[in-house]
Amino acid sequence: MSNQVALTGNEVMAQAMRQINPDVVAAYPITPQTAMVQLFSQFVADGKVDTEYVTVESEHSAMSATVGASAAGSRAMTATAANGLALMWEVLYIASGTRLPIVMPVVNRALSGPINIHCDHSDAMGARDSGWIQFFAENGQEAYDNAIQAVRISEHEDVRLPSIVNLDGFIISHAVENLEILADEDVEEFVGDYQADNYLLNSEDPIAVGPLDLQDFYFEHKMQQAVAASNVKDVVLEVAKEYEEISGREYGLFEEYKLDDAEVAVVALGSTTGTAKAAVDNLREQGVKAGLLKIRLYRPFPAEEIANALKDLDAVAILDRADTFSTTGGPVYIDTRAALYDSDADLEVVNYVYGLGGRDIKVEEIESVFEDLQQIAETGNVEQKINYLGVRE
Amino acid sequence: MKLKEAAKKEERLTGGHRLCSGCGAGTVVRLVMRASDNPAVVGCSTGCLEVSTTIYPYTAWEDSFIHNAFENVAATISGVESAYRSLRNQGKMDEDFDFIAIGGDGGSYDIGFQSLSGAMERGHDMVYLCYDNGAYMNTGIQRSSATPKGANTTTSPAGEVIPGKQQYRKELTDIMAAHNIPYVAQASPFKPQDLMKKAKKAFETEGPAFLNVLAPCPRGWRSKAEEGIELTKIAADTCFWPLFEVENGEWKLNYNPKAKKPITDWLEPQGRFKHLFKPENEGLIEEIQEHVDERWETILHRCGEE
């Protein structure tokens, strides 16, 4: 039995955390994540969860305590945003390298400086090579669904890697949405009891976590981590199938929106994909064969599948809500171009960096991207590969 | 705790670890762990003790051990302790455990200070042990805020113009006492019974306990490996490293030297202070003596020993 509710993104993520009922949550408040941990601490105060809530003094300690709690053998979560995620950076690698199945909502916000509290993906993109699985969501419903599935994916014996569940700051975290949450008992059953194989709180079989790992073993352990990452895709699909049975909602590695017969398309992640759908619909009405590829699983990157989905297009634009300052484009653009290099695709790929620091992106702007793509498709000429959309020059 | 009785207890940190000859950290940890009556989860910040006791695939620890990073052992163990409390409250675990986070002065006074302060303030049922050897010894003797004034280290070298470290050491034990946690103690390995007694109190304390223990480092102190423990006695006899405890806010002096020795007794046997004995640095030794005297008066006053 699921419930129809009107909640903000932060509220529904707090509900997901309540239903997951982790043994430990160690978190530090940061805009725009604050409401999530405030609500969750209320659940703790009201005895609605079994969680020990650790009110750490920083995000570095949040991730450190979460690592300790997870290594101890408990199910542990935290949540953060922006500079908080950046402060965790060192320990992110320790969490994934130690193979701890931590799940962490990240409410995407621009990284300082200059300081800005609004949405972009520079925080998540800074963690893209940290060994964490990363999911992106179009709306609160997807963020909620991703959070619950992430528990199973991270804890899967073929994976054992931590997950970041991204949701766009303010646009998703603070907007009220009509959505469906599952019954508590369905989530309880779906995530199940967590039992680690090797853990600190086992006096019968004590272990050493995080020993000095030198030239003769470090590489093998990193290789095991790489193998685990390569297992993620299959597990994501397997868990999605099971989740569909209890939720009726279908999930894949990405969503193809009117992409089947499309000639031009955009690739995007996060809330902008909703705006892009409106643009696609408008263009379809005008007879333009427009489509969208919405990435759900960003790390590990489903390169082959994405290349396969894009290969028959004439031109594609990659929308990036973060820059790399490498002068070679945004992170999703770089990933997608690399993915296409090995396919037999013959299409132009261009990049639009947009929405930094919460700059609004409008339907008309995405339509203008489609106009550019049509031009490219007709002429075969690309004037500029890397573009900045919606910025004053 | 009687020494005879303590000696019969099983080693929790076994031989075969790779700490240097004469290193105080191993001695201190073995004495502290003898006071633990439960299985423990031991956390170590990055540092000498960590790199020398768990080199994959080996460990010198009989208990479960976790190393996370340099500055976060207190936060890490607070996570472990929270997991324990959660599982225990849910009826998923009924065994007693001890939780101990260990850091050097780098991991405790400096880079791990925030994490330590946070964990103590939150009231986790854990012991924090700082083995203070007065510099970042693991990376090659760089100064820390625990380095004594005048010491020659690789980042506060005694040069033509600057005679070693310019600042007095930070009194971390006092700062921990100011957290108003139930138990804080400063100890030294030359008084093993006192150290073990304090460790026992720390483990038995409900809530956070902090131990600051002087640990000789022959490499960094430029002293003889076989004289380390004797040096820690001189540290107490010169009142450079007083032994005291703060139990529920009550300060108590644990060692009052019969005859207070001059600070030169502490400085002379250590090569790191050699330059202080040059004629041009005479005033510096006087300053250091004055500082030690003032500090000792403060401790006596706090402990009601005047």
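Which strand of chain A pairs with E2(B), and in which sense? Strand E9 (residues 208–209) of chain A pairs with E2(B) in the parallel sense, over two bridges.

This is a predicted model, in which local features need pLDDT of at least 70 and side-chain atom pairs count only at pLDDT 80 or more, whereas totals for chains, interfaces and linings use all residues. Residues are numbered from 1 along each chain as its sequence is written, chains are lettered from A and ligands numbered from 1 in the order in which they are written, and side-chain values use heavy atoms, with hydrogens and water left out.

**View 1. The pairing of E9 of chain A with E2(B).** A:Ala208 stands opposite B:Phe65 in E2(B). Strands pair if DSSP finds at least two bridges between them; strands (E, at least two residues) and helices (H or I, at least four) are DSSP runs numbered from the N terminus.

**View 2. The area buried between chain B and chain A.** The two chains bury about 3000 Å², 60% of it on carbon and sulfur atoms (accessible area, 1.4 Å probe, lost on being put together and summed over both parts). In chain B, the residues that lose the most area to chain A are B:Tyr56, B:Asn68 and B:Arg122, together 19% of what that side buries.

**View 3. The salt bridge of A:Glu52 with B:Arg85.** The closest N and O atoms of this pair are 2.6 Å apart. Between chain B and chain A the count is two salt bridges (a side-chain nitrogen of Lys or Arg within 4 Å of a carboxyl oxygen of Asp or Glu). H4(B) gives the largest share of the side of chain B that touches chain A, twelve residues.
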